[in-house]
Amino acid sequence: MSTYRFDKLLAPRSIALVGAVAREGSLGRSVLDNLRRAGFPGAILLVQPDHDTVDGLPCVPRVADLTVVPDLVLIAVPPPSVPEVVAQAAAIGAGAAVILTARLGRGPDDPGPVAHRIARAQGLRLLGPDSAGLVVPAAKLDASLFAHAPATGDLALVSQSGTVAAAIVEWAARHGTGFSAVLSLGSVLDIGVADCLDYFAADHRTRAILLCLDRVADARRFMSAARAAARAKPVVVLRAGRHRPDTRAAVTHTGALARPDTVYAAAFRRAGLLAVPDLDAMFSAVEALGRQRPFPGDRLAILTNGRGIGLLAADKLTDRAGILAEIPEAEGRPAGNPIDLGIDADGPAFSDALAPLLADRTSDAVLAIHVPTVRSQVGAVAGAIAETVKRARAGQTRKKPVFAVSLGDAEAARAAFAGAGIPHFATDSEAIEGFLHLVRYREAQDDLMRTPDSLPRDFSPDMARARSIIAAALRQGAAWLDPIAVNGLLEAYGIPTVPIALAPDKDAAAAAAWPIIAAGGTVALKVVSPDVVHKSDIGGVQLDLTSEADVREAARSILARARRERPDARVTGFAVQPMVRRGKRRELIAGLAEDAVFGPVVVFGRGGTAVEVIDDRALSLPPLDLALARDLIGRTRVARRLEGYRDVPAADLGAIALTLVKLSQLAADLPQVRELDINPLLADETGVLALDARVRIGRSERGRHGRGHPRFAIRPYPAEWVRTLKLKDRTIRVRPVRPEDEGLFLTFFEGLDPEDLRLRFFGPVRAFSHAFLARLTQLDYARAIAFVATEVDPEGRERMLGAVRLHADANHESGEYAIAVGRDARGTGLAFALMRLMIDWARSEGIGRVEGMVLAENRPMLAVCRRLGFTQARDPEDPGLVNVKLELGGSPTAANSLGQASPSRMLF
């Protein structure tokens, strides 16, 4: 994730165009025309060996012949010439290049990869190939192939498809919506979605980010950047190709349910992105975000001059799970929503009705819908609505959002609404979608910062047993665990199972069944074969067997049918289990699947043999906590059946959620587990029971870059950094922070005296909000770490003594630290130990530099920094602050060591 040299890409002082020709309509000439039309204020340098001038501008034959080093190079030459152009641009010190040329190939010796290797070695950033260019309206930079120049605004558009970007730009031009920047990524060699997310998340000129993509190349980089960006501002994503044919050969139910489109949707949801299904929805999002900031609340009041159109809008809102505000009776107006003003309502009527709604506290937003008549003109009504909104907002801090629909002459209304900052839509349906985009974004942010329940203290998986089971199976060359091993693996993670015995033949099966039968039970007999995943497909399951003879006959029948249906299958025996009566238990499915892009995913839904036909499932990327697990359950239809109804008690949701968390932990601990399928997982008021399960395994190989699980898209909890310290005869446990530590932090901060808080936060602190604490405890371990030091009191409760935090920049060039230690732990050496552990983590992550700011009067902290080798210098802008810095070495990626980061002021 690198924003290195993005300043050269998006704010160049000079541009070289390689491939500029005089022929109208050519690639180079089209870009040159757009550059000049936009009025780019810097130097435009042309490289063209066949002409001395193009359109009055002088040309040089080669990039190497330029007398001015361009910040940005635009490349519009035939594919074979691209590597040489890139090499010359890198050699003279250019900062970035946009490759407009298409079809550069993917093979190691094709022009694209060759150019990428050359550029990376020299620190030259590449956008493209097959890029439609980029536009930065405020900088008068239009180096694109778009037909119309975008207006200046605060939306950043990043698209892998040039045509999709062009379509959005055209729509925005007609609707008066502007952009901070537009980038067409093309066939990405270097600059990708993650890089752009990192840049625009920190860009003060950008208020929201629009993404258009069809694929993610590096899931870990994407998820880390997307999660960080979505916490900073709205990010809307449109994915093309959602319904491409699924060519995977899934063998388990969970694998079949984890289709690529559903995994992408789960990833977007986990990152906090607002996913839209099509361009229409994207246009609604652009209109809403372009004029209205996200707001608290979700209750919508509908004001209209027609009952029918108002009811249609209310129906759309309800269909999309929106909330219709309950509007009380007011002077001259009965209670109810929508509010119908009558077909002849004119501007003053709308104004009189809208003004009290804007001040009313029973709604959070207003949708004004006007249908023109001969007595009610569009322009007059739009102007009245706009002026009423302006008056209501003047001098107010709480500015209630207003959305508008004009079903007549849109041009007559657009200017009035735009001048008042009111999103304007052509239909009630589009307006409802625009309203809900903002509501869903805020809800997603609330979900991201929700504090999960603490896990049970007795949940401690037997990882040694689990790893031994997996290792033994791999030594035997097995791809599937046998039933005994499956049960052992689930038991190691505390997932209840049904006892099982393996029998090699029918007589052994009868002998194993006898104790069950003698105790008054009945028996389930199942075929065991490494080649048969779904036993019921070949009649490999016989139930309710009541005698040894029944068991022998069932075994003979199963074996005969297996040989007939699957003559190639190896049958190693039979699994014997006591029958479990379903009763009022619900049949669920829970498991793990492997996605080619995002790695392991957790799957949950309604179980049974028809699970794929019913297709009631939800997915989530691990790791999970209890809050995420409950959300996963709630996104299925079967969740309603888990509630109590008639004489059926409610199922134990806590036990189901904990099982999903356990599966998530199993995936993190055991990369060798490729698929895991519990179907059915029976659930009732007493808990859960895994009735049948299968596990596919494979040797663990090195996956995507970074530490942690080699295939996790989200870095799991770094349990390897847990430490036990002995300091001044005190046993102190230091561990990475978890999301459920919010209460621990609140108690700690509330116990600090005002002077401690002032030294830590550089000023007085009166309260610690949930949002503030959530940002301290809910970390992306790919970018940040926080270690909390605790002691256990005589009652067994964990008590916080202090903590240290380090947050790295997007390039991993530097990280800013913050530390706080309670008074009762001072003098123990805890501050020094925490700082040293934080520095060790920074080194292990390849972070080049650790920085911080310390009050000049905080001498103990400055002394700790001095002992650890930090340099110290007074802040030039604030003499009361000391900037401390510790150089750790180069960043692990070639380009990362070339830039310079500026620290963000972190509060901890």
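The largest cavity is lined by Ser161, Val164, Cys212, Leu213, Asp214, Leu238, Arg239 and Ala240. A cavity is a set of points, on a 1 Å grid over the protein atoms alone, where a 1.4 Å probe fits but cannot get out, and lining residues have an atom within 4 Å of a point. Strand 12 (208-213) and strand 13 (235-239) each give two or more residues to this lining; strands (E, at least two residues) and helices (H or I, at least four) are DSSP runs, numbered from the N terminus. The largest cavity holds about 50 Å³.

This is a predicted model, in which local features need pLDDT of at least 70 and side-chain atom pairs count only at pLDDT 80 or more, while totals for chains, interfaces and linings use all residues. Residues are numbered from 1 along each chain as its sequence is written, and side-chain values use heavy atoms, without hydrogens and water.

The second largest cavity has a volume of about 40 Å³. Strand 25 gives the most to its lining, with three residues.

Now to helix 28, residues 859-868. Its buried residues (under 20% relative accessible area, 1.4 Å probe, protein chains only) are Met861, Leu862, Val864, Cys865 and Leu868. They lie on the same side of helix 28 because they cover an arc of only 155° around the axis, taken from the directions from the helix axis to the C-beta atoms. The face turned away from that side carries Arg859, Pro860, Arg866 and Arg867, which are exposed, that is, over 50%. Just after helix 28, glycine 869 takes a positive phi of about 95°.

Note on methods
1 Å grid on protein atoms, 1.4 Å probe; cavity = no way out; pocket = protein on both sides within 12 Å on 5 of 7 lines; lining within 4 Å. Points joined across faces, edges and corners; volume = space filled by probe spheres on them.
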